[in-house]
Amino acid sequence: MESAWQKPSHQPELEDNQVHVWCADLDVPPSELDRLARYLSPDEQVRASKFKFPQLQSRFTAARGILRELLGNYLQIAPSEVKFDYGDRGKPRLANSPTQLEFNLSHSQGYALYGFTYNSAIGVDLEQNRTMKDALNIAQRFFTPREYELLQNTPIANQQTVFFALWTAKEAYLKAVGTGLSGSLEQVEIGTNPLKLLAVDGSQANAASWFLVPCSPAADFLGAIAINHKISLAEFSFWSWHQSIKK
């Protein structure tokens, strides 16, 4: 889905029953990083300062600054005025917001993925599609038997892509429900072609209400979006963040 990403000149409006997915390159110029850093709250600045390497610090700063800018545009407030609460497992949410805007973010290496919608739980995950020599061993531990069998029967040249397609879908779902990786990956069963949630804890009862969408914001990166809403792909918009976007 790499060709679907658009660069808007103005902040697009998010309507009910729509999903906006944004990708962003986190390796921004110093002047842009300084601008984004000014949006961060004191606790976010402290979190950024704890990263050992300057590149990780700057990428965290950019990821949070861009999130604040996007949320500020949707809410029509200054990015620095966006206030967060956090769930028991650390999932951020808007604090004291008059809207039911839901969001989630993920970043891997130099890229970030963001998802926004109204009134529905949403989770996103992004991973670099890198060589995994122990992919089968990891799958045997964290995937369901059917997923492991699927990976075993996949040609070696495609195994890592299938591995990350399953992994990102699982984690996107777990982030949507607020557990993240503290949840059990092996209890979430994913189907492919098309990507979909098959069962949770062996039960198919609630799986049908979830919609999963794969994406690729850049070469060698795979992402997934999970939303607890019956929706079609036509209601998704894929945007590429850049510093010239206006409200």
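This is a predicted model: local features need pLDDT of at least 70, side-chain atom pairs count only at pLDDT 80 or more; totals for chains, interfaces and linings use all residues.

I started with β4 and β5. β4 pairs with strand β5 (residues 111-118) in the antiparallel sense, over eight bridges. Strands here are DSSP E runs of at least two residues, helices are H or I runs of at least four, and both are numbered from the N terminus. Two strands count as paired if DSSP finds at least two bridges between them.

Residues are numbered from 1 along each chain as its sequence is written, and side-chain values use heavy atoms, with hydrogens and water left out.

**Sheet**

Next I traced the whole sheet. It is open, has four strands in the order β4-β5-β1-β11, and its pairing is mixed. β4 (101-108) and β11 (236-240) are the edge strands; each has a single partner strand, so one side of each lacks a neighbour in the sheet.

**Backbone**

Most residues other than glycine have a negative phi, and most peptide bonds are trans. I searched for exceptions. The peptide bond from N193 to P194 is cis, with omega near 0°. P194 sits in the loop between β7 (188-191) and β8 (196-200). N193 lies in the loop between β7 and β8, and its phi is near 55°, a positive value in a residue other than glycine. Is N193 buried or exposed? N193 counts as exposed, at 77% relative accessibility. The cut-offs are under 20% relative accessible area for buried, over 50% for exposed, and partly exposed in between (1.4 Å probe, protein chains only).

D220 also has a positive phi, near 70°. Its place is the loop between β9 (211-215) and β10 (221-227). D220 is exposed, with a relative accessible area of 53%.

**Pockets**

I ended with the open space. On a 1 Å grid over the protein atoms alone, a pocket is an open set of points with protein on both sides within 12 Å along at least five of seven lines; lining residues have an atom within 4 Å of a point. Grid points are joined across faces, edges and corners, and a volume is the space filled by probe spheres set on the points.

The largest pocket holds about 650 Å³. It has 26 lining residues, and R47, L105, S106, H107 and K175 are the closest to its centre. β4 gives the largest share of this lining, five residues. By class, the lining has seven nonpolar, ten polar and nine charged residues. Ala, Val, Leu, Ile, Met, Phe, Trp, Tyr, Cys and Pro count as nonpolar, Asp, Glu, Lys and Arg as charged, and the others, Gly among them, as polar.

The second largest pocket has a volume of about 290 Å³. Its lining has eight nonpolar, seven polar and no charged residues. α6 (156-176) supplies at least two lining residues.

Technical notes:
On a 1 Å grid over the protein atoms alone, a cavity is a set of points where a 1.4 Å probe fits but cannot get out, and a pocket is an open set with protein on both sides within 12 Å along at least five of seven lines; lining residues have an atom within 4 Å of a point.
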